[in-house]
Protein chains: 2
Amino acid sequence: MKTIKEIAEAANVSTGTVDRVIHNRPGVSPKTRERVKAVLDKYNFQKNIIASTLAFKKELTIATLIPFSNSSKEFWNEPKRGIIVASNEIQKYGVDTKHYYFNQFSPESFIESFNKILDLNPNAVLISPIFYKTTIKLIKELETKNIPYIFINTDIALQQNISFIGQNSYQSGFLSGKILSQVLSEEKTILIVRSRKNIDSHQAIDSRIKGFIDYNQLHTPSRNIKHLTIESFATNEIKRKLTNEFLCNNLIKGIFVPSSYAYKIANVLCNLNLKSIKLLGYDVHKLNIDYLNHEIIDFLIEQEPFEQGYKGVKILFEYLLFKKKPNRTYNSPINIIVKENIEFVENHSENVLN
Amino acid sequence: MKTIKEIAEAANVSTGTVDRVIHNRPGVSPKTRERVKAVLDKYNFQKNIIASTLAFKKELTIATLIPFSNSSKEFWNEPKRGIIVASNEIQKYGVDTKHYYFNQFSPESFIESFNKILDLNPNAVLISPIFYKTTIKLIKELETKNIPYIFINTDIALQQNISFIGQNSYQSGFLSGKILSQVLSEEKTILIVRSRKNIDSHQAIDSRIKGFIDYNQLHTPSRNIKHLTIESFATNEIKRKLTNEFLCNNLIKGIFVPSSYAYKIANVLCNLNLKSIKLLGYDVHKLNIDYLNHEIIDFLIEQEPFEQGYKGVKILFEYLLFKKKPNRTYNSPINIIVKENIEFVENHSENVLN
DNA sequence: CTGAAAGCGCTTACAG
DNA sequence: CTGAAAGCGCTTACAG
């Protein structure tokens, strides 16, 4: 491995000039630039990143923006933990991180935090773009400022984000359709429960439902699928509406909840003593885990949210420091979690490297 | 963050002395040592690892020892890839890696490669200790030389390995029991197929079978479970023996293969036109994937083998450079893979960060 | 036992 | 446009 000094000697210039060429900085005559480039290429020069970060004193800053979680029981606590762990790792290499949060049910709070990031003027941004229209509008600011950004968890097509890390929602719904079809014969009815809140914000929910329905149309076409929309996830409302459903239709043997709120349904099923209903939901967090362990919730679909946060920060870090171009998409796995493997869900407990 | 220079000033010594104290090197009077330590503690000094690795020119070497894989289709190709990716990452920080392989059916080849590692005299070793007795014997050499080592994939209790990364085999068998029980009612017979080859080497296989049987005893106690042992995984032998089984016992509706060779059984099931048999095996590799996509294999249990190799190297790296003590055990997840989520298995395709 | 100084491979004012 | 030199924060011979 050649050093800058050796390159400089070979090209008959000073190390300062080599540095200018390597980083495409101005102040080098075209002729010299070409000569140095040729030597650089000849030896396939790779700069020593250790020496580089030691000498480079300007701090790099990465900003992150995800929904806040009130407690470790919630879904968003995992991406948050991934972000924090990655941040601690890259701190050693002189990269600073600032974390911003927003209320996942309030576009206004998203805007507010986003503006703080614009004021900070970081070198790169990680965003969970839950609000479609709001994001589209705000993201332009990053683009005019030439700040690279990455999306996690939710993707928004046609943006200039350098990468996306998250699950293929349609396919996860399709898989959910298969799982319930394996345990419920075709004459059993399945109920899909969603909330209005979700309708406004998460496109992911739509895709999950579409995948679920498509699976059934393909493989169990005669299955009856019913839909239930609730205003919120308030226990009373769920209880009343579910009771109605079961009175009208006692063929319902399975429930598909395409959001992280399966535990709310599970709670009501316990109440109504309907524990044999097969219940499939999304996301591994404390509230869901409790019902999974009692097999009120039978299946959870998991997407390694810790990894989404962790990988997102790491990708930005390598992009900034090593100019490493990431893939356009990193698909999170679609993991099937049941009582018997919940204990080993990645990074769920203290199973963390750093 | 204080620097060594600042600590030196505060303690009224030179930076060399501070360095000696930090690294517990000899040549410092007890009195001075205490004084410096006090200042170090007072400011909670953390050394700048960047500057440290730049100045530290002695190369660190990590050796790895896993079964070789002839092609990217085999299981061991994934831990190998994880090891390579991690090795490339830590190369930047001046850590060298040497990779050794052995034939997973030949203890002799294990010994041969192990001896090469002893000759190399590396700073740390990653091992997949497939052969119980052989490992026990050889590992002592590492201990007398005071070389730290880590196990991946297979654990051997009571050794001085600093960490183990792998799946809980018993629990994975228990989960397999549940999966087949969900899709096969209790009166259906299940066949467990294992090979002699495995009996000699893998304790993991025993644990998987035990877990599988325990689940059934607990939840479907009246289920009939049959055992079939084959000498090798030669197609002809499998075909003959399976034919016998199905002639004698046409209640067999499920097969549990507690190794990565489910594709060999799948091949024969295709031949015999017994595609409706539910077949569950282990490990995601090309040969199994093909049968999973055609739903001849219905389920595969996966353990994120890429991650085992990757994490193993990273843990040794952090142990050597930052003196970071790893957990005793990192449990690999027990992932359920079916046709509908195979595409998104972690790191399966080019879904890799580095 | 202790310190002064050179050096690791880059980056960055500064001078010309 | 270009180079000489100082400096990033450690580590390591070397001298005393």
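| Residue | Polar side-chain atom to a phosphate oxygen of DNA strand C |
|---|---|
| A:His23 | 3.0 Å |
| B:Thr32 | 2.5 Å |

Helix 2 (15–22) and helix 4 (49–55) of chain A, along with helix 2 (15–22) and helix 4 of chain B, each give two or more residues to the surface near DNA strand C; helices here are DSSP runs of H or I with at least four residues.

A word on reading these values: this is a predicted model, where local features need pLDDT of at least 70, side-chain atom pairs count only at pLDDT 80 or more, and totals for chains, interfaces and linings use all residues. Residues are numbered from 1 along each chain as its sequence is written, chains are lettered from A and ligands numbered from 1 in the order written, and side-chain values use heavy atoms, without hydrogens and water.

Now for the protein partners. In chain B, 46 residues are in contact (heavy atoms within 4.5 Å) with 46 residues of chain A. Four salt bridges are found across this interface, a salt bridge being a side-chain nitrogen of Lys or Arg within 4 Å of a carboxyl oxygen of Asp or Glu. B:Glu295 and A:Lys178 form a salt bridge through their side chains, at 3.1 Å from N to O.

How values were computed. Polar contact = N/O pair within 3.5 Å; in protein donor to acceptor, adjacent residues only side chain to side chain.
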